[in-house]
Amino acid sequence: MSTVAFIGLGNMGGPMAINLVKAGFTVKAFDLSSVALSHVTEQGAIPAPSACAAAASADVVITMLPAGKHVRGLYLGSDSEKGLLDVVGEGTLLIDCSTIDADSARTVAAKAKEKGLEFVDAPVSGGTAGAAAGTLTFICGGSDVGFSQAQGVLNAMGANLFHAGDSGAGQVAKICNNMLLSVLMVATSESIQMGIDHGLDPKVLSEIMKVSSGGNWTLNKYNPCPGVMENVPSSNDYQGGFMVDLMVKDLGLSQEAALLSNSSTPMGALARSLYVNHARKGNGARDFSSIFEQFNKKG
Ligand code: NAD
């Protein structure tokens with residue numbers, strides 16, 4: 001079984017790295033946070049003193065970082081500091097699972113290619129629950145060779161793998177999905193609240209809409225109205241799940257992408273504005289279905 005350098009062991013990367021340990025991979029782990037690192041080393045990963053030290057002897061490098069600047073900085077380095085591309089061995093496969101702008105993914109992939117290395121952008125869907133359960137969906141961009149080499153290690157952390165296209169395509173597909181999700185969540189929230197305002201039971205209304213033409217994933221799996229569905233964030237004061245701040249980040253990425261391609265995305269732009277406003281009211285760390293509160297008296 002190959003050696004994986006795992007860098008970025010936060011809410012997502014931590015459980016993903018632990019699943020690789022459980023699957024029998026040797027995992028060399030690094031995070032700037034010693035607390036995040038210790039969660040993973042307690043489960044059998046080997047601590048590395050730096051990202052470059054972890055990557056230097058690995059067959060596969062996986063990164064799970066906050067944003068494009070972190071990914072570019074880590075792989076490309078700077079005048080004063082080496083990047084991962086400077087230290088990895090020949091044939092090392094590079095996989096970035098962070099959600100970042102497609103341009104950063106393409107830039108790093110191009111630099112990797114200059115050195116004869118495969119770089120796959122592989123953002124995920126499935127959240128922290130999917131990361132812990134090993135059921136993530138990986139949405140990959142890169143060459144056929146890179147995608148095929150990545151399958152073994154990604155399968156140990158996920159249930160679905162897609163090859164969306166060339167470098168950056170994984171990132172584009174991911175933000176298209178999250179833009180659609182945000183629009184569905186907002187529209188579902190305002191529809192349920194209008195029903196409540198007219199005296200309808202939100203459970204009954206949700207059952208009707210689920211099997212009618214307005215049916216969608218948020219109604220089926222993630223109802224935003226408290227008390228309608230068990231085991232979803234809306235029935236737990238919107239704790240856990242997918243943070244508003246992360247949705248704001250993804251909607252920012254989708255609007256940047258829309259500008260670059262001159263695409264018309266009025267619903268995505270409106271959803272971003274609503275989520276930014278929701279975050280500014282102190283909801284950044286709550287689940288994204290809490291946007292429901294903007295339509296009822298709590299908002
Ligand atoms: P997080 O903030 O919990 O974890 C990021 C980790 O990266 C932190 O532990 C931080 O210390 C570490 N880090 C930052 N720069 C580093 C560096 N140069 N070297 C080493 N470690 C470094 O974030 P998260 O929730 O795990 O999200 C990670 C990525 O996954 C983001 O791009 C996010 O958009 C995406 N994502 C998150 C979710 C989710 O539900 N949390 C779902 C899908 C995708």
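A polar contact is taken here as a pair of N or O atoms within 3.5 Å; within protein, one atom must be able to donate a hydrogen and the other to accept it, and residues adjacent in sequence count only if both atoms are side-chain atoms. The model is predicted, so to speak of local features a pLDDT of at least 70 is needed, side-chain atom pairs count only at pLDDT 80 or more, and totals for chains, interfaces and linings use all residues. Residues are numbered from 1 along each chain as its sequence is written, and side-chain values use heavy atoms, with hydrogens and water left out.

We can start with the ligand. A polar backbone atom of Leu-32 is 3.4 Å from a nitrogen atom of the ligand. On its own the ligand has 830 Å² of accessible area, of which the protein covers 84% (Shrake-Rupley method, 1.4 Å probe). Helix H7 (127-133) and H12 are the elements that give two or more residues to the shell; helices are DSSP runs of H or I with at least four residues, numbered from the N terminus. Among the 21 residues around the ligand, those that come nearest are Asn-11, Met-12, Asp-31, Leu-65 and Lys-249, where a heavy atom within 4 Å makes a residue near.

Helix H12 (residues 244-261) also packs with helix H9 (residues 169-197): their axes come within 9 Å and cross at roughly 115°. Axes are lines fitted to C-alpha atoms over the stretch in contact, and angles run from 0 to 180 degrees between N-to-C directions. Residues of H9 including Lys-174, Ile-175 and Met-179 meet residues of H12, among them Met-247, Asp-250 and Leu-251, contact being heavy atoms within 4.5 Å.

The loops on either side of H12 complete the picture. Asp-237, in the loop between helix H11 (217-221) and H12, has a positive phi near 50°. Asn-262, in the loop between H12 and helix H13 (266-283), has phi near 55°, again positive in a residue other than glycine.
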